[in-house]
Each structure stands twice: as C-alpha cells, then as structure tokens.
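Thanks for coming. I will show the structure first and then go through a few local features.

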Amino acid sequence: MEGLPAKKPLYISLLALAMSLFHLYAGGFVILSTIQQRGIHLMFVFLLSLLSGLALLNCRGIRFWVHLSLGLLAAGAALYLVFFEEAISMRMGNVYLFDLVVGGVLILAVLETARRILGFALPLLSVLFLAYAFGGNVIPGLWGHKGYDLERIVGHMALFTDGIFGLPLGVSASFIVLFIIFGAFLQESGGGQFFIELSTAFFGKVRGGPAKIAVVASSLFGMISGSAVANAGSVGPFTIPLMKKVGFRAQYAAAVESVASCGGQIMPPVMGASAFLVAEILNIPYYQVCIAAAIPAVLYYLSLFIMVDLEAVKHGIRGFPEESLPRVRGVLRRGWPLLIPPSVLVGLLVMEYSAVMAAFWGTVAMMGVTVFRGEKSFIGKLKLFRSSLENGALSAIQVGAACACAGIVIGVFSLTGLGLKFSGLLINIAQGRLEVLLILTMLASLLLGTGLPTVPTYLILAILVAPALVKMGVLPIAAHLFIFYFGAISDMTPPLAVSAYVAAGIAGSDPLRTTFTASRLGIAGYIVPFMFVYTPSLLLKGSWVEVALALVPATVGVGALASSLQGVLIRELSAWARVALFFGAIFLIIPGFYTDLIGYGLIAILLLLNLLGGKREKKWAGIKMEKSFP
C-alpha cells in the first residue's frame, strides 16, 4: 500500500502475511464456499486498509482507538455472513433488525475503505446508485422504478451474493489476489531487474535503444504489475533518464514510458485485473482471453516500437556503445531460472487448468526458484519470502476495495433492472448503427476511466453497454475486450492521464503536454479495438487462413499509421505525403477487399516516390535527415 513506511508496523506485517497465506491455502489445498472465500478476503481488505491509517497518520491516543475500532467493526461485519450464512439463507429472504444493522455497517465500511484507497469518485458513484435504488419511484419515465425500502436494499447489497459479495469480489478473492502474489514474488526475486537487463542487452545498442528498452521492458513488467501506474513508477526511473541521455526530449521520453506502461494491462499472459473479470463474466477459461488478446497487444506495441524507431531516425539518435551494455548470454545465465515460473503459469493455462491453479503452481515454482538460486543466505531467503507475501497482500487490497465497491453499483443494476433499460436506450440513441454505439462506448470508457480504476470502469460498462453491443452482432469476447481496452488506455488519455503524470514527474516534463504526446504515440490503442470488433479474426477466431488475411493488412496499416504520424517512411515525408499515408493506413485498417487494395496501392506509390524522390541517399542509421519529396 502506497505511503506506508519501509519498515512496516508488526500488526500490518502479520495481517499481510496472514492474508497471503490464507489465499495460497485456499487456492491450493481446500475448497471454501463462495461466502467463506469472499467474506474472509473482504475482512483482510478492511483490516489492512483501515489499520494502515494507524501507520500512515502515526496515530496516538484516541485516534488510535478510533481506527482500531473501525477496523475491527468492519472485519466483524464481513465475517457475519461467513458464520451465519446458513441461518440467513433458511429465512427465505426475511431480514432481521440485527441483519440490517450489520449490513449497514458493511456498506459503510466498503464505502469508507474505497474512499481511503481509491479516492472519492467510486464511493460517490456508489452512493448515487444507492439513492437511485431508494428513490426510483419519484423519477418519471423509463428511468423510474417502484423504489425499494431500506430493508430490501441492505439485504440485497450486504446479505446475499447480488451486491458486495457478488462476482467482482469473487474474482478478486479467488484468483486476482493469487496473480498479484505471484507478481510480488517475481518482483522481489529480481524479475523486474532481469526484464530490464534483458531488454537492455537486446536493444541497448540499436538506434533509439533506450526508448525500445522502455517499450519491451514495460511490456514484460506488466506481467508482474498489471498496473499502468506501477509499471511507469517502476520501469520509468531507469528508462526515462536513459532516453533523455541519448537525446530524446523529456516530454517524449515520459510519453513513451506512459504508453508502454499502459500496454502492460493488455499484454498476456498476466493482464490487468479486469481481464480476469472478462473471463468470469463470459464464463470462459482465462487462457481464452489471453489468446484473444495476443494479436491486439502485439499490434499496440508494434505501433509504439515503430514510432520510437522513426523518432530516432528523424533526430539521429543512436544507441549505447556495445561494450557498455550487458551481454545477452550473461543476463540469461544469471536470470534464466526466473523464466521458469512464468512458463509454468502459461503452460498450465494452455493445458486448460483453472486460473487459480495456474497462479498457485506458478507461485510455488517461484518459491522453488527463490530457494534454489543460492543468491541469498537462509535468513535472506526468509526475508524475501516475507516481503513478497506482505507486498502481495498490500497490493491486492486496492483491487479488493474496488471490486467490493463496484459490487454495490452492480447490485443496483440487478435490483432495479437498470442494465436492461440502459442497453435498449443505447441502441435507440445509436439508431441501430454499430459504429455510433462503439464511439459512445469508447467515450464512456475513457470518461469513466479518468476518475475510476480500470476494474470498476470495466464492470459498470460490461453491465450497461456490453449487452447492447452483443445485441447488435458483436462477438461477446470482442465486446468485453473493447470496453476493457479503453478502460486501460484511459490512463494515458488527456486530461487526467495518471500514468503520463507519473512518467512526467520522473522526466521533469510538463504533465499536460506529456499526456497529448502519449495519446499520439498510443494511437494504435484507440484504433485496434475497432479493428477486432469488425474483424474478429484478429482475436484468433476462425481458421489460420482467415487470421493471416486479417493480420497482414492490420500490421501494414498500423505501421503506416505510425509512419504518417511520425512523418517518416524511408525518408522524411512532406505534409501531403503524410496525409496520403494516413488515409492509406486507414483503408488497410478498415476491413474489406477493396479497401485493402486501395490502402496497399497508396502505400506502395508513396513508398516508391519516397525511395526515388531524393538525390542524396539518406541512411536509416545515419545523421539527422533532410526533407525530401514526397
């Protein structure tokens, strides 16, 4: 949890250790009921988040006892349903006064925990939805409903699996927390540094090397963090100074790191937390989500890679001398055991084991690697185990709080039928035109994502919008990934681009200008989701021939789009050539035989003119380029 001192108080350490050990035990050795798993998980989230206030505020006296009392009261409310689940279910929906009191405490605890960890946006949204459930009888027209009393609302939200204890908290409690613990072990064991060194060894010597290191290292580091902000904050302090050192502007360096960090959430095999929710909502294995997300993620990073390469071409930015870089063989010799746990995880997912088992055995493999690498003493290994378990639990409470609070919003949808009404209204607004509905969905995702984490952004729109997209013929996996992608890249979208602000702080650049540069570099992130909605073959749906016929124009189109925005093909492009190349890229991105022919034709003509247009040959790896025709 951010803000805690490096030496955590003993009670925080013990709670975090207990939370991680409980989830490893539940994931690998015992099957708990739905309420037991979710209730105990929520108890740990409450205790860790509320009692962390003691350490953050250095509380003494009455403030200490207030925080302690709040934490214990919230924990008791979370466990109430665990102990009395059978008794409550036997009442056939009848709610007693004490149930209402405990349920009210639980709702308030969820709202306060989310406020402390996530800020005001999500709790305020949840309160507005609760007010809507209570006062729907005074709202006229389609949006109104009969209204529900306090007993019905509290019971629905806090005593059954329709609200707080619903699907989002279940996903957090079952396997998101295990993947976070896996990532914590990988990070503490040197996985982050290994990925950075490996990227440096491969790309440090090529032109624009540090920017390419940032792209590759951030895509790999996303497997550890699954968070754009954590990615930028961890990789950025290494890559951004290197980019500035070789000649990239501070603003550009920060933007590259921001875009690369956002992509970590959409890069398989360990994606952002919302990807697990996609699998759960669609009732498909998680590995199928990873397979579907593979080509779009590659297209995203390919576009960014091409852009930073062309930026280096424009400004004559070279890499580092080879003798100053680590050797690939040496890096692999030292760190190859760190590749075993991710391989175990991916292998189990491909073999169709559950995400829970894959994360559990991947973590066990990570523990084994830690024990046998021999780089630390026995005491050092114990400390590494402790810090990994602690950090995993503390990182998981943010997702747990977001899922619990989002459960309130989803509970209102199921109670009032708002989701069905909203889907019909969206289809009417779009007048049956899919492209209009997709644009509305994109704007809603980006808007919600500016104030909310990716998890609640995805959950809300998955309930409100995804059914409308599916009704209009979009594949369910494509509809949900469309929402997920735009929720993820909202972190680099102006004006509130959190990852861009973090990177700008590291680079010392203007935050707002950095966000606009990031949105230009990440242009593929705004286009690829439309591509896979209209061309499901990009999600590896269909035969290999169909996939190839979709992938080739998509790849060329994304590359041409990057070239047009950077203003370089083989040589620097004139203004009209950039516009023509842009339209050529768009024609390739739009699915269709004739649009592909037009796109290929435009790009081929521009490539030929660009090759023949200048009298002096401009080498790709050479000095700063001069403009040439076209």
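I start with an aromatic cluster: Y25, F29, F360 and W361 form one such cluster. Please keep in mind that this is a predicted model.

The structure holds 24 aromatic pairs. A pair of aromatic rings is described by the distance of the centres and the angle of the planes. How far apart are the ring centres of F482 and F486, and at what angle are the planes? The centres are 4.9 Å apart and the planes are at 65°, so this pair is edge-to-face, since an angle over 60 degrees counts as that. Both F482 and F486 sit in helix α22, which covers residues 476–489. They are 4 residues apart, about one turn of the helix. F482 has a relative accessible area of 0%, so F482 is buried. F486 is also at 0% relative accessibility and counts as buried.

Another pair is F582 and F583. Their ring centres are 5.9 Å apart with the planes at 85°, so this pair is edge-to-face as well. Are these two buried or partly exposed? F582 is partly exposed, at a relative accessible area of 31%, and F583 is partly exposed too, at 45%.

Back to F482, which has T441 as a contact. T441 is found in helix α19, residues 434–451. Leaving out residues up to four places away in sequence, T441 touches V465, L469, F482 and I483. The relative accessible area of T441 is 1%, and T441 is therefore buried, the limit being under 20%.

Now the backbone. Most residues other than glycine have a negative phi, and most peptide bonds are trans. Where does this model depart from that pattern? One place is the peptide bond from P268 to P269, which is cis, with omega near 10°. P269 lies in the loop between α11 (250–263) and α12 (273–282).

Next, two residues with positive phi. E352 is not a glycine, and its phi is near 70°. E352 is in the loop between α15 (340–350) and α16 (355–372). Its relative accessibility is 55%, so E352 counts as exposed.

Q431, again not a glycine, has a positive phi near 55°. Its place is in the loop between α18 (418–430) and α19, the helix that holds T441. Is Q431 buried or exposed? At 67% relative accessibility, Q431 counts as exposed, because the limit for that is over 50%.

That is the end of my list. I can go back to any of these residues on the screen.

Conventions. Residues are numbered from 1 along each chain as its sequence is written. This is a predicted model: local features need pLDDT of at least 70, side-chain atom pairs count only at pLDDT 80 or more; totals for chains, interfaces and linings use all residues. Side-chain values use heavy atoms; hydrogens and water are left out. Buried means under 20% relative accessible area, exposed over 50%, partly exposed in between (1.4 Å probe, protein chains only). Contact means heavy atoms within 4.5 Å. Rings of Phe, Tyr and Trp (its six-membered ring) pair if their centres lie within 6.5 Å; planes under 30 degrees apart count as stacked, over 60 as edge-to-face and the rest as tilted.
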